[in-house]
Amino acid sequence: MATIKDIAAKAGVSIATVSRVLNHDETLNAQDETKKRIFEIAEELEYEVRAQKKRRRKLKIGVFYSYSPEEELQDPYYLCIRLAIEKKLEEEGYTKVIVKLDDSPEMINGLDGVICTGTFTKKMVEAIEIWECPVIFIDADPNPKRFDSIVVDYRRAVEEIVSYLVGCGHTKIGMIGCREVDKEGDEVLDTRIQHFQNALKKRGLYHPEYTKFGAYYAKYGYKLLKEFYEEGNLPTALFVANDSMAAGSYRAAYELGLKIPDDISIIGFNDIPTAKYMVPPLTTVRLYMEFMGEYAVKLLEERIIHGREICVKVSIPTKLYIRDSVKKF
């Protein structure tokens, strides 16, 4: 009986490509001619998809979350990703195992693979590199030669934000970004800050006094907007690192008697479910968090079942949802 490996060999493509074509994966970037050839060879070899399904085994997948449940509640971003991972694992009938860094090598290597989400210190990555099973990172790319990863295209997302604000007539544009210190004492800087600065500099609009930093929690959005106001450096528009922080900024604006968007325009990031119910509804950037969680399971499954050896890095685009929190001049 023909296998996917037989089809791949005859078609001159990878096993993963054959699998994705036969399963009608619309995200696959392959020429129509290649897809046609694969289907023709599959028919010629009398390949049967149901034979593949019979061979499918139940996988044992580890999940490693670098953040605590308390941190997850403060910032729903990773909550959405986690729920998507767990939902997909349940749908596929796979066993989920919560993994910790101090778990024994025997326990870790007894898993078919591990999905890691959160932020990671150098020591954490070094510990994970010892694991012998396949590993995929979500929203992190610590070693592209060793691990699969799913990341967000932050540069394009920030460029879209700045372009929109400038197009609305804003020239005094600020940012409340994130700057934290990890467990090893090293600074963790929000990569979007550099993209933000570059986007403004090329337009001649960058002013360092309009940028502040805090952690990814609502209280910092609240605190930092008040600092802008008290220092007399309140920009007309603010890009805030996530929607939770944006909610804090909304509260600060209300207490200061500032109207959104007349006195201060605000753009968030993540598009959490409550963003559209804020007053006014928050203009924000949609991150496809559910897709990231689901696709991580799919990529890990592909590597485990089909034996893909080359690491892949998937960059996920974003979408700006325009609502009512930005003023047009």
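Colleague: In which sense do strands β4 and β5 pair, and over how many bridges?

Modeller: In this predicted model, strand β4 (residues 135-138) and strand β5 (residues 148-152) pair in the parallel sense, and three bridges join them. Phe137 has Ser149 of β5 as its bridge partner.

Colleague: What is the order of the strands in the open sheet?

Modeller: The sheet has six strands in the order β2-β1-β3-β4-β5-β12, and the pairing is parallel. At the edges stand β2 (95-98) and β12 (313-316); each has a single partner strand, so one side of each is left without a neighbour in the sheet. From one strand to the next, the twist averages 20°.

Colleague: Now the helices. How is a pair of packed helices described?

Modeller: Two values are used: the angle between the axes and the distance between the axes. Take helix α1 (residues 4-11) and helix α2 (residues 15-22): they pack at about 110°, and their axes are 8 Å apart. Angles of 65 to 115 degrees count as roughly perpendicular, and α1 and α2 are therefore roughly perpendicular to each other.

Colleague: Which residues of α1 and α2 meet?

Modeller: From α1 there are Ile4, Lys5, Ile7 and Ala8, which meet Ile15, Val18, Ser19 and Leu22 of α2. Sorted by class, this contact of α1 with α2 has six nonpolar residues, one polar and one charged.

Colleague: How do the axes of α9 and α10 cross, and how far apart do they come?

Modeller: The axes of helix α9 (residues 154-167) and helix α10 (residues 191-201) cross at roughly 45° and come within 9 Å. The two helices are therefore oblique to each other. Their crossing is right-handed. On the α9 side, the contact is made by Tyr154, Arg155, Val158, Glu159 and Val162. On the α10 side, Thr191, Arg192, His195, Phe196, Ala199 and Leu200 take part. By class, the contact of α9 with α10 has six nonpolar, two polar and three charged residues.

Colleague: Phe196 is in that list. How is a pair of aromatic rings described?

Modeller: By the distance of the centres and the angle of the planes. Over the whole structure, a search finds eleven aromatic pairs. One of them is formed by Phe196 and Phe239, with 6.3 Å centre to centre and 45° between the planes, a tilted arrangement.

Colleague: Where in the chain do Phe196 and Phe239 lie?

Modeller: Phe196 is in helix α10 and Phe239 is in strand β9 (residues 237-240). The two residues are 43 residues apart, and the pair links distant parts of the chain.

Conventions
Residues are numbered from 1 along each chain as its sequence is written. This is a predicted model: local features need pLDDT of at least 70, side-chain atom pairs count only at pLDDT 80 or more; totals for chains, interfaces and linings use all residues. Side-chain values use heavy atoms; hydrogens and water are left out. Axes are lines fitted to C-alpha atoms, for helices over the stretch in contact, and angles run from 0 to 180 degrees between N-to-C directions. Helices (H or I, at least four residues) and strands (E, at least two) are DSSP runs, numbered from the N terminus. Angles under 35 degrees count as roughly parallel, over 145 as roughly antiparallel, 65 to 115 as roughly perpendicular and the rest as oblique. A crossing is left-handed if the near helix is turned anticlockwise from the far one by less than a right angle, and right-handed if clockwise. Contact means heavy atoms within 4.5 Å. Ala, Val, Leu, Ile, Met, Phe, Trp, Tyr, Cys and Pro count as nonpolar, Asp, Glu, Lys and Arg as charged, and the others, Gly among them, as polar. Two strands pair if DSSP finds at least two bridges between them. Rings of Phe, Tyr and Trp (its six-membered ring) pair if their centres lie within 6.5 Å; planes under 30 degrees apart count as stacked, over 60 as edge-to-face and the rest as tilted.
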